[in-house]
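Student: I would like to go through this model with you and ask, for each label, on what grounds it is given.
Tutor: Then let us set each value against its definition.

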Amino acid sequence: MRGTGGAGAAVGAAGVGSGTAGAGAGVGVGAGGGGGANLLALRSHNAALVLDLLRTAGDEGISRLELAERTGLTPQAVSKITARLREDGLVAEAGRRASTGGKPRTVLRLVPEAGHAVGVHLDRDEVRVVLVDLRGTVVGERRAALDLGAGADAVLGAVGETVAGVLPGGAEGGSGLDLGLDGDVRPGAAGFVGGSRPGSTGPGRVSPPGLGPGSVEVEGDLRSGRGSVERDPGSGSVGGDLRPEPTGLGRDSLPRPAGRDKDARPGVGGLGGGSLPGLAGLDPALLGVGVALPGPLDHVRGVLHRVTGFPGWDGFPLREALARLLGVPVVVDKDTNAAALGLAAGGEGGSFAYLHLGTGLGAGLVIGGSVHRGARTGAGEFGHQVIQLDGPPCTCGNRGCVEALCLAAVARGDLDEAARVLGAGAANLVGLLDIDVVLLGGRTVAAAPEAFTSGVGAVLEARSRRTGQDAVPVRVAGGGDGAVAVGAAQLVLGPVFGRGGG
C-alpha cells in the first residue's frame, strides 16, 4: 500500500531520530506555525507542514494556493509535494472551489484512513489499546486485565495480543499473531543472566520447556539494555542487539511496517534481515505503536527505570523488545506525558499541567506548547514530592509523598481529603511554573470529577488570595480515562505532521 510509505516519509521528514523504534523527542517543526523552506534538504519537513494544514482543514479541504500562502512555499514546491502525497495515497481531491478570478481551484483533503497508529496505555493493572486514523480519531479500542508485576513475558504477551486484537483482521480468536511468550523473563529472574536454569539452552539464555515454532527466546542481559530476541524457524527470524541505539530516520530509511521484503532491513523496525509476520500483516498502513506507562523511564532510549512499585523493570529496554516482537516502530513515554501531548494536539493551548490520578499519581507538563520532559526525561514525577515530613511510607522509598497521602485518602473513601492533598501538590506546581491551567484526569478523577475539581480549585483559590494573583483555573481534561492511550498514539502521529513527539 503506497499510503504507508507516504506516511513513513512524513515521519522521517519530521526528524524522528530515535532508532529502530521510530520516534524520539522529535524536533517539533511546524508546530508553532513556522514557514517552509524551498531547499531540497528540507523537502520532507515541508511535506509535514503541508500534511498538517491538510489535517487541520478537515473534509472541506484546502487549495494548493492556500497551502503556498500559509507555508511560505512557492506554488511549484507545493504542487510537487502534493503530487507526491497523492501518489502515496495520503491526499485526495475534494472538489473545486469558486475562484475570484480564473479557473476554479482544486481543493485537496487528507485521507485519514491511509494510515493508522496504535496507542497503548500500560497501567499497573490493565492494558488499554486504541487504534486511531491520521486525524487522531479513535476507530477501535480494546482493554484487558494485566499485572505489571507478572514479568516481561506476561506483560509483552498481553500487550501484543491486545494490540493485535484492535487491528482489522485481529478480532477475537483470529489475530493470526502468535507471540508464544512463555516462562519467566523478568529482569533479574533466577537463572536469567550468566547462568542456566531448568529449561534453558545455555548460559544467559531462556528457553522454557515446550518452546516451539513462533515462540520467542530472550538472550542476554536485558537489564543492561543488551540482548536479543529471536524467533524459531517457521515464524520468521528476528535478531540483533537490543541496545537502544538511535540510527536516525530519513527519507531513504523509513519506519515502514514489517512484512514486506524491501522494508525488512537493518535499522527499520529492528529487523535483522527477514520479514516478521506481525502487526503489519493485519494492517499494512500501521505507522507504529506508542506505549505509555508509569515512570520513571528514559523516553529517548525507550528504557525503563525503577517504575514506582515495580523496581524489577529497572533497565528493561521496552521499546526495543516490543519493536522486535511486533515488527513495527514503537515509541515509549510516561503515561502523563502522553496524555499531555494528546491534549496539546487536541487543541489545549498555553502552558498547563495534566495531573493523572489512577493507580498512581503523576503529572504531564506542557510549557510553551511543548511537553517538558527534562534533561533526563524525568520531569513530571509529581506524585513523589514530599509534603509531610515523616509521613506514611511511599512505594518510591520516601515518606509523606503526595501520592501516598492521596491514594490513602482515596482508599478510605475520603475524597475531600484526597482532593485537598492533590490541591496542595498542584499549588506547589503553580508556584514553581506559573502555568495557565491545571487539568485533572485518570480513573479516580473520572469517578468523582466534581469532588476533585472543587477540592483542588479551593486550594488554588486560597493560594491566590495569599499571593494577590488570579487563581489558576482547574478543570477535568478531555478524553476521560482514555486520554493516555489516545495520547500514546499521538507519539506516533505527531512527527507525521511535523509536530515531533511533543
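Student: What makes a residue buried, and how many of the 502 residues in the chain are buried, as a percentage?
Tutor: Buried means under 20% relative accessible area, exposed means over 50%, and partly exposed is in between, with a 1.4 Å probe and protein chains only; by that rule 57% of the 502 residues in the chain are buried. This is a predicted model, in which local features need pLDDT of at least 70 and side-chain atom pairs count only at pLDDT 80 or more, whereas totals for chains, interfaces and linings use all residues. Residues are numbered from 1 along each chain as its sequence is written, and side-chain values use heavy atoms, with hydrogens and water left out.

Student: Why is the pair of Trp313 and Phe316 called edge-to-face?
Tutor: Rings of Phe, Tyr and Trp (its six-membered ring) pair if their centres lie within 6.5 Å, and planes under 30 degrees apart count as stacked, over 60 as edge-to-face and the rest as tilted. The structure holds 1 aromatic pair; its rings, those of Trp313 and Phe316, have centres 5.1 Å apart and planes at 85 degrees, so the pair is edge-to-face. Both Trp313 and Phe316 are buried.

Student: How do you know that the charged end of Arg55 sits over the ring of Phe497?
Tutor: The criterion asks for NZ of Lys or CZ of Arg within 6 Å of the ring centre and within 35 degrees of the ring normal; the charged end of Arg55 is 3.9 Å from the centre of the Phe497 ring and is placed over that ring.

Student: What makes the contact of Arg135 with Asp59 a salt bridge, and which parts of the chain does the pair tie together?
Tutor: A salt bridge is a side-chain nitrogen of Lys or Arg within 4 Å of a carboxyl oxygen of Asp or Glu, and here the closest N and O atoms are 2.9 Å apart. Arg135 lies in the loop between strand E5 (126-133) and strand E6 (138-145), and Asp59 in the loop between helix H2 (43-57) and strand E1 (62-63), so the pair ties together parts that are 76 residues apart in sequence; helices (H or I, at least four residues) and strands (E, at least two) are DSSP runs, numbered from the N terminus. Arg135 counts as partly exposed because its relative accessibility is 25%, while Asp59, with 56%, is exposed.

Student: Is the salt bridge of Arg373 and Asp333 made by buried or exposed residues?
Tutor: The side chains of Arg373 and Asp333 meet at 2.8 Å, N to O, and the pair links distant parts of the chain, with Arg373 in the loop between E16 and H9 and Asp333 in strand E13 (residues 330-334), 40 residues apart. Arg373 has a relative accessible area of 8% and is therefore buried, and Asp333, with 1%, is buried too.

Student: What makes the phi of Asp390 worth a remark?
Tutor: Most residues other than glycine have a negative phi, and most peptide bonds are trans. Phi of Asp390 is near 60 degrees, a positive value in a residue other than glycine, and Asp390 counts as exposed because its relative accessibility is 70%. Asp434 likewise has a positive phi, of about 55 degrees, although it is not a glycine. As for the peptide bonds, the one from Gly295 to Pro296 is cis, with omega near 5 degrees.
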